[in-house]
Amino acid sequence: MPRHPRVVNLDEMEWNERAHGERFAMQVKRIGSQAGSKQLGCGLYRVAPGKTAFPAHRHHANDEAVFILEGEGTLRLGDERIPVRKGDYIAFPAGDAAHQLVNTSAGPLEYLCFWTMIGTEIVEYPHSDKVAAMVWTSAQPELRAIFKKSSTVDYYEGE
């Protein structure tokens with residue numbers, strides 16, 4: 001008998017891999033979207049030793065939270081460096097300091113990441129002077145622009 005469409009099992013999902021350069025690499029299973037979630041995202045992330053999944057970033061609309069399932073790492077939270085390990089739950093309220101998880105251990109770092117899915121989002125990347133503006137109406141952005149924060153123009157420029 002087929003399972004209910006709101007029930008997914010991690011063993012039946014494939015890992016998706018993403019990598020960029022020497023620092024960024026991850027495997028991810030997008031659990032929330034597979035189960036039909038509309039306002040709460042959830043993903044299972046696996047990060048190899050010495051790597052991180054994302055650049056340090058700060059959300060202005062959406063909250064995020066992480067629950068460490070396996071391994072150890074270092075949480076960059078603003079200017080702080082905080083050791084984290086299996087069993088730790090970490091909250092990232094919208095508008096709070098920029099955050100990033102780095103696997104500083106010899107084994108894999110595996111965690112669940114949860115996020116609210118407010119459709120209009122601004123994300124700052126303070127170490128690279130970038131800002132991303134996004135509008136989501138489904139699983140993919142309808143509008144996404146990433147630009148240098150320092151390239152700001154006057155409101156009426158070009159009008």
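Buried means under 20% relative accessible area, exposed over 50%, and partly exposed in between. These legends describe a predicted model.

**View 1. The aromatic cluster of Tyr 45, Phe 54 and Tyr 111**. Phe 54 has a relative accessibility of 27%, so this residue counts as partly exposed. Tyr 45, with a relative accessible area of 3%, is buried, and Tyr 111, at 4%, also counts as buried. The structure holds 3 aromatic pairs. In one of them, the ring centres of Tyr 45 and Phe 54 are 5.8 Å apart and the planes lie at 70 degrees, so the pair is edge-to-face. Tyr 45 and Tyr 111 form a stacked pair, with 5.5 Å from centre to centre and 15 degrees between the planes.

**View 2. The largest nonpolar core, with 17 residues**. Tyr 45, Val 66, Ile 68, Leu 75, Ile 90, Leu 101 and Tyr 111 touch the most other members. Elements that give two or more residues to this core include β2 (24–30), β3 (40–47) and β5 (64–70). Strand β10 supplies the largest share, 4 residues. A second, separate core has 5 residues, among them Met 13, Ile 31, Cys 42 and Leu 112.

**View 3. The contacts of Tyr 111**. Leaving out residues up to four places away in sequence, Tyr 111 touches residues including Gly 43, Tyr 45, Ala 53, Phe 67 and Leu 101.

**View 4. The largest pocket, with a volume of about 1600 Å³**. Its lining has 50 residues, and Arg 18, Arg 30, Phe 54, Trp 115 and Trp 136 lie nearest the centre. The lining divides into 27 nonpolar, 16 polar and 7 charged residues.

Definitions and conventions: Residues are numbered from 1 along each chain as its sequence is written. This is a predicted model: local features need pLDDT of at least 70, side-chain atom pairs count only at pLDDT 80 or more; totals for chains, interfaces and linings use all residues. Side-chain values use heavy atoms; hydrogens and water are left out. On a 1 Å grid over the protein atoms alone, a cavity is a set of points where a 1.4 Å probe fits but cannot get out, and a pocket is an open set with protein on both sides within 12 Å along at least five of seven lines; lining residues have an atom within 4 Å of a point. Grid points are joined across faces, edges and corners, and a volume is the space filled by probe spheres set on the points. Ala, Val, Leu, Ile, Met, Phe, Trp, Tyr, Cys and Pro count as nonpolar, Asp, Glu, Lys and Arg as charged, and the others, Gly among them, as polar. A nonpolar core is a set of buried Ala, Val, Leu, Ile, Met, Phe, Trp, Tyr and Cys residues joined through side-chain atoms within 4.5 Å. Buried means under 20% relative accessible area, exposed over 50%, partly exposed in between (1.4 Å probe, protein chains only). Contact means heavy atoms within 4.5 Å. Rings of Phe, Tyr and Trp (its six-membered ring) pair if their centres lie within 6.5 Å; planes under 30 degrees apart count as stacked, over 60 as edge-to-face and the rest as tilted.
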